[in-house]
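Load the model and follow along.

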Amino acid sequence: MPVTMKQNDMIRIAVQKSGRLSEKSTALLRQCGIHFSNGSNKLKTQASNFPLEVLYLRDDDIPQYVHEGVADLGIVGENVVKEKQRHLDILEPLGFGKCRISLAVRNEAQYSGLTWLNGRRIATSYPVLLSTYLKDNDVQAEIEEITGSVEIAPGIGLADAICDIVSTGSTLLSNGLKEVEVIDNSEAILIATPAPSEAKSLLIEQLLFRIRSVQTAGRNKYILLNAPNDAVAQITSILPGMRSPTVIPLAEEGWSSMHSVVSEDRFWSVIEKLRNAGAEGILVCPIEKMIV
Ligand code: PRT
Ligand code: ZN
């Protein structure tokens with residue numbers, strides 16, 4: 001039976017109100033063509049051109065809101081989802097907010113491997129992630145749960161080691177600490193409530209389709225080049241493309257213009273090969289949306 005949408009059917013997405021993921025989360029929704037005002041001094045805003053409400057929350061609360069169905073979707077760090085242990089559907093990794101969760105000790109420590117941690121104290125805001133890791137690796141250490149400024153704990157004698165988020169490593173460096181083990185990697189992810197209604201599922205699918213189109217576009221570039229006709233076959237074999245490249249004759253006899261799509265990962269190696277095969281006037285453009 002077809003699902004009928006009622007006028008007031010709507011979904012809610014929870015994003016971080018203010019912090020490392022806020023800007024990129026709202027930017028992603030805007031790239032999906034959704035218009036809404038920003039969350040300054042507001043708990044929620046309603047989109048004007050899609051049946052979506054945006055809730056602005058602390059990141060730690062997002063898994064619970066989505067688990068309970070108060071929000072249907074959420075954008076949050078994978079580390080927070082794992083720590084909160086809520087039953088949620090993970091729909092999509094989003095490619096931003098990348099970091100690792102690592103163990104670090106004082107620079108002077110003679111760290112010799114995981115056994116060094118036996119009988120020692122480790123400060124962290126991620127007790128669940130850490131205790132799972134210690135258990136898996138058969139390490140008996142004491143966990144000191146603290147909520148902020150974990151990196152100062154070894155310096156003030158509160159702990160022998162810390163388990164915290166690291167991205168550039170400069171916070172560890174400036175606190176006289178060295179990273180000794182990476183226990184997990186994380187990035188922002190799109191989560192969903194496990195059992196949405198049928199009408200909501202439809203809206204979630206529509207939004208997910210847009211998000212995937214934006215994500216795919218971001219990972220690819222549109223490439224245009226000129227080539228002598230006798231190089232077209234070889235260049236076609238180099239260009240991966242969505243199907244095969246578009247080939248259009250140039251006004252100049254014996255030359256063609258070729259258009260295709262290249263993934264960001266393969267981009268530089270492909271460009272090199274194209275030049276060697278005789279490609280000229282190579283233009284590379286960003287893609288706004290890509291539907292595969
Ligand atoms: O107020 P609210 O509770 O919503 O925010 P928050 O302060 O708890 O989180 P926030 O905004 O700091 O981080 C949100 C999410 O961003 C985290 O859950 C991670 O998934 C992700 N993320 C990515 C990071 C970092 N990179 C990061 N570098 N979260 C925190 N940090 C901190 C880290 O705790 C340490 O203090 O940055 C410092 C280390 O950075 P480097 O670059 O010096 O290594
Ligand atoms: Zn938080």
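Helix 1 (residues 22–31) packs against helix 6 (residues 198–218) at about 100 degrees, with the axes 9 Å apart. Helix 1 is therefore roughly perpendicular to helix 6 (65 to 115 degrees; under 35 is roughly parallel, over 145 roughly antiparallel, the rest oblique). Axes are lines fitted to C-alpha atoms, for helices over the stretch in contact, and angles run from 0 to 180 degrees between N-to-C directions. Helices (H or I, at least four residues) and strands (E, at least two) are DSSP runs, numbered from the N terminus.

This is a predicted model: local features need pLDDT of at least 70, side-chain atom pairs pLDDT 80 or more, while totals for chains, interfaces and linings use all residues. Residues are numbered from 1 along each chain, chains are lettered from A and ligands numbered from 1 as written, and side-chain values use heavy atoms without hydrogens or water.

From helix 1, L28, L29 and Q31 meet L207, I211, V214 and Q215 of helix 6 (heavy atoms within 4.5 Å).

Next, the zinc ion (ligand 2). Its protein donors are D59 (OD) and D60 (OD), 2.0 to 2.1 Å away. Donors are N, O and S atoms within 2.8 Å of the metal (3.2 Å for Na, K and Ca); water is not among the atoms, so sites may look incomplete.

Now the backbone. Most residues other than glycine have a negative phi. Q85, not a glycine, has a positive phi of about 50 degrees. Q85 sits in the loop between helix 3 (78–84) and strand 5 (89–93). S149 has a positive phi of about 45 degrees, in the loop between strand 8 (142–145) and strand 9 (161–166).
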